[in-house]
Each structure stands twice: as C-alpha cells, then as structure tokens.
Amino acid sequence: MDKCIREIRDKAQELLETGQVEVVIGFTAGTLPGKSTPCFITRGEDCKLLVWDEGCKNNLANYLLKEKRKAAIIIKGCDSRSLVNLLTENQLSRDRVVILGAPCPLTEGCEGCQIKSPVIYDYLVSGKAGKTGEDDFHDVKTFARLSPQERKEYFYKEVSKCIRCYACRNACPACYCRECFVENNLPQWVGKSTQLADNLIFHLTRALHVAGRCVDCGACQRACPMGVDLRILNRKMLLEVKELYQFEAGLKEEQELPLNTYDPGDPEPFLAGGGEA
Amino acid sequence: MKEPKIVAFLCNWCSYAGADLAGVSRLQYPPNVRIVRVPCSGRVDPLFILTALKHTDGVLTAGCHPGDCHYTSGNLVARRKFTLLKSLLEFVGIEEKRVQFDWISAAEGNRFAARIRDVTEEVKGLEPWDRWGGRQDG
Ligand code: SF4
Ligand code: SF4
Ligand code: SF4
C-alpha cells in the first residue's frame, strides 16, 4: 500500500498544482486510531496528509453532491458504484469531477463485497485489490428461514433502538433528496418522534427508496450510533432486485435503474396467489 | 376479532369505476372497506400503504389490468414497486394477506365485490394487527 499512497499523493498534488481541480476529496488520519477521516485538500503541499489505509471506510461519493468547486475524488470500489449511480441519476456532471481510483485498502474487506477496484476512474492507482467472492446472500436467506413472528420481533427490536438522528440517511450517497419524506410537513407523513410506528415506517420506506440504488457500501450501518441492523433490509432489496430484474447497482457505467423502468413481462408475485391465476 | 378496517386505494379509471359498477349493480360487499380514489395505481406510494396500516388492519390496492392503464404504463411501473414492498413486508414478518393487490377493470363490478369480501374475511382470520405497535382501538 506504500506505493499506492505515494501515487495518490503525487497525482493529487499534480492535479491541484496544475489547476485541474480546486479541491481533492480523500482521507486523512483521524483522531481515533483505525479511523481515517474524510478531508478536503486545496493546497498541493497538503497532499502529504492523505492516507489510504484500513480506516478509509466511509463512502466519499456523498461529498461530491455538495461540492461546488471542481473536485478530484479518491475512491475505492463501492464509492465508484455510488458515483455511477449519481451520474446515472444526473446528480453530477462528469466533467466537473476527476476520479482517482484506487484498490480498496481494507485487507479483510466487507462481507459480500462485489467489487474492490473502481468501476469508473480517470486515473487508476496501481496495486492489487483483494479478491471478492460471489455474494450468496447467506444472511438474508438465513433470516428468511425464521418464522414470521421471529422476523417481526427482530425487526421491531432493531428499529426500536433508532433515535432518528438520520445519520444513516446522511451518510448514504443514494439519499440525496433535497427534502426527505421524513422532513415533509405538508402532509407530515411520518411523525418526528421515536414512536415505534414512525420508526418502522421510516426504515421500511428508506429501504424501498434505496432499492435498486443501494450499493451495499455499509455507510448507513457504520454511521448508526445505536447499532440498528439496517443492512438486512437493504440486502433483502438487493437480492430481490438481482433475482427479479437481474440488476446490481453501479457495476456498469451504462445502466438503467430497475425502478425507473418496467418490462411488459415482469413477474407479479405481489398479486394474490403469486400472480398465477 | 372486532370488525377489521380496510383501506382500498383504487385507480380512478378502472378499479374505482369497477367499485362504482358494483354499487350501481347493488352488489353486496362488506362495509369494512374505506375507498381512497387515486389517479392511477402508479400514484400509490408505498408510504401510503405503510401509513394506512398505522390506522387500519388491511390494505387493498387495485388498478387497471396491465396493458389497460389510462396512462399506458403507470401500473407497469407500479408493479415493480409493489413487488418490492410486498416482499419487504413479508421479510419482516407481516402476513401476506394484510396487504393485497389486484387488477380490477371498470367492467368488473363482480370481481370488485368478491375481492372486498375475500380481503375482509382473510384479514379477519389473521391475528389482530398491532398497527405498527401503536394499536388504539377503532
Ligand atoms: S443504503 Fe447504506 S449500504 Fe446502501 S448505498 Fe446507502 S449507505 Fe450504502
Ligand atoms: S430516505 Fe428516501 S426521501 Fe429520504 S433522502 Fe433517502 S431516498 Fe430521499
Ligand atoms: S443512524 Fe441509526 S439511530 Fe440514527 S436514524 Fe439511522 S437507524 Fe436511527
């Protein structure tokens, strides 16, 4: 990884000093060991502060959304999937961002990771990315084997921990709505307190909003201060979208999001009797 | 259990007209259902259904048969949303019968009345719904 971070720093410095970008979005050492923190670098000489290590877990794609300056961003596999989504959804213009792709620095990687090297980039830092396995959705399938009562209890228990801080939503690059449904007040769809019903509706709706767009980066789950198991809902949607519509978000540059389209022959499992009748 | 309360989201062009036909034809169906007329089944946001379940015991959503949508593809886009909503609800342990969908045309007054009878009976047969944990009677 030494060579990798040297290349990142050099390239970032070059981009800043030649005026190709005004800011570089990357990671620098955090205040806690093992936790690197996102940083915004505007001076070439500061590029030596950039790091690329085990602590670089956050999904940086999020930060591009609010960035008005011409920016370079240092990304790994999952961040790049989010970038592909943001480009697909016209939230970013490709010519305003320089993408510095690097292999994922996590040695262990995340369970179920589909791609450790970026899908899109302008420059690719050398270095070998760890291997990815086929995601067998073991967690989702195991959970689905529990009785409905057990599943409901688990879900209620998880969601009742939620304090509605919205850190999960704010960390998620797919949750960029200017006005999120939870903040709507005419009509007010969801109560703002932590009543169980409102928590349940919040989490189910969010899972549906990110269905077909979630890249399983885990940023929401990591951001949650209460340890709510958000991933199981997101991964259920991931599995459904993959099986029903043969789609995995952000893995290909040219993609059509499954919830923006339809096929006349789509299955209708939601109908009584599974749509067979 | 007490009589269940059911909400039906019906599209303006087909299913609501189907309900109308059932009415004009004096077909009997249970009074448990409260109808909400929507422009198209494509207008039915999953949030409507989840919110309805906060106050009622079951939800039926119906629209034009695929191919017959007044707006050509509203119901086709809705299908994918409904598929994911239903599978998510089942995943978290919500009974299949609690949230139902159907295609009902303007000519299917009978189908409408029969569907309301079935949904009402089926919801009655389920354990009482906790209304997302906040059950208040009524
Ligand atoms: S929902 Fe969570 S895992 Fe999915 S893209 Fe958003 S932050 Fe990443
Ligand atoms: S939860 Fe839904 S409405 Fe809120 S920001 Fe995410 S996608 Fe947008
Ligand atoms: S981050 Fe955790 S506690 Fe905060 S709103 Fe999300 S799930 Fe709830």
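Buried means under 20% relative accessible area. By that cut-off Arg80(B) is buried, and Asp266(A) is buried too. The model shown in these close-ups is predicted.

**View 1. Arg80(B) and Asp266(A) form a salt bridge between the chains.**
The N to O distance is 2.8 Å. The pair runs from helix 3 (residues 74–91) of chain B, which holds Arg80(B), to the segment after helix 9 of chain A, which holds Asp266(A). Side chains of opposite charge can pair when their charged atoms come close. A further bridge joins Glu268(A) to Arg79(B). Its closest N and O atoms are 2.8 Å apart. In total, four salt bridges are found across the interface of chain A and chain B.

On the side of chain A, Trp189(A), Tyr262(A) and Phe270(A) lose the most area to chain B. Together they make up 21% of what that side buries. The contact draws 42 residues from chain A and 36 residues from chain B.

**View 2. Twelve residue pairs are in polar contact across the interface of chain A and chain B.**
Both residues of each pair have pLDDT 80 or more. On the side of chain A that touches chain B, the elements giving two or more residues are helix 4 (138–144), helix 5 (148–160), helix 7 (196–209) and helix 9 (231–245) of chain A. Helix 7 of chain A gives the most, with nine residues. By class, this side of chain A has 31 nonpolar, three polar and eight charged residues.

**View 3. The largest nonpolar core has 71 residues.**
The residues with the most contacts inside it are Phe155(A), Leu204(A), Phe9(B), Ile49(B), Leu89(B), Phe101(B) and Trp132(B). Residues up to four places away in sequence aside, Leu204(A) touches Phe155(A) in chain A. In chain B, Leu204(A) touches Leu50(B), Leu88(B), Leu89(B), Val92(B) and Trp132(B). A second, separate core has 40 residues, including Cys56(A), Ile74(A), Leu87(A) and Tyr176(A).

**View 4. Thr61(B) sits in strand 3 of chain B.**
Thr61(B) has 2% relative accessibility, so it counts as buried. Neighbours within four places in sequence are left aside here. On that basis, Thr61(B) is in contact with Phe9(B), Val44(B), Ile49(B), Phe82(B), Gln100(B), Phe101(B) and Asp102(B).

**View 5. Asp57(B) and Arg131(B) meet in a salt bridge within chain B.**
The N to O distance is 3.0 Å. Asp57(B) lies in the loop between helix 2 (46–55) and strand 3 (58–63) of chain B, and Arg131(B) in the segment after helix 4 of chain B, so the bridge ties together parts that are 74 residues apart in sequence. Both ends are buried: Asp57(B) has a relative accessible area of 2%, and Arg131(B) has one of 4%.

**View 6. Lys76(A) and Asp79(A) form a salt bridge in chain A.**
The closest N and O atoms are 3.1 Å apart. Lys76(A) is buried, as is Asp79(A). Over all chains, the structure holds 29 salt bridges.

**View 7. A network of salt bridges links Asp135(A), Asp139(A), Asp216(A), Arg231(A) and Arg235(A).**
One of its members, Asp216(A), has a positive phi near 60 degrees, in a residue other than glycine. Asp216(A) lies in the loop between helix 7 and helix 8 (219–223) of chain A. Its relative accessible area is 16%, so Asp216(A) is buried.

**View 8. Two loops of chain A show backbone features.**
A cis peptide bond joins Leu186(A) and Pro187(A), with omega about 0 degrees. Pro187(A) is in the loop between helix 6 (167–171) and helix 7 of chain A. Arg164(A) is not a glycine, yet it has a positive phi of about 55 degrees. Arg164(A) lies in the loop between helix 5 and helix 6 of chain A. With a relative accessible area of 7%, Arg164(A) is buried.

**View 9. Gly125(B) follows helix 4 (109–124) of chain B.**
Gly125(B) is exposed, with a relative accessible area of 65%. Gly125(B) and Lys97(B) are 28 residues apart in sequence. Their C-alpha atoms are 9.4 Å apart in space.

Conventions:
Residues are numbered from 1 along each chain as its sequence is written. Chains are lettered from A and ligands numbered from 1 in the order in which they are written. This is a predicted model: local features need pLDDT of at least 70, side-chain atom pairs count only at pLDDT 80 or more; totals for chains, interfaces and linings use all residues. Side-chain values use heavy atoms; hydrogens and water are left out. Contact means heavy atoms within 4.5 Å. Buried area is the accessible area (1.4 Å probe) that two parts lose on being put together, summed over both. A salt bridge is a side-chain nitrogen of Lys or Arg within 4 Å of a carboxyl oxygen of Asp or Glu. A polar contact is a pair of N or O atoms within 3.5 Å; within protein, one must be able to donate a hydrogen and the other to accept it, and residues adjacent in sequence count only if both atoms are side-chain atoms. Helices (H or I, at least four residues) and strands (E, at least two) are DSSP runs, numbered from the N terminus. Ala, Val, Leu, Ile, Met, Phe, Trp, Tyr, Cys and Pro count as nonpolar, Asp, Glu, Lys and Arg as charged, and the others, Gly among them, as polar. A nonpolar core is a set of buried Ala, Val, Leu, Ile, Met, Phe, Trp, Tyr and Cys residues joined through side-chain atoms within 4.5 Å. Buried means under 20% relative accessible area, exposed over 50%, partly exposed in between (1.4 Å probe, protein chains only).
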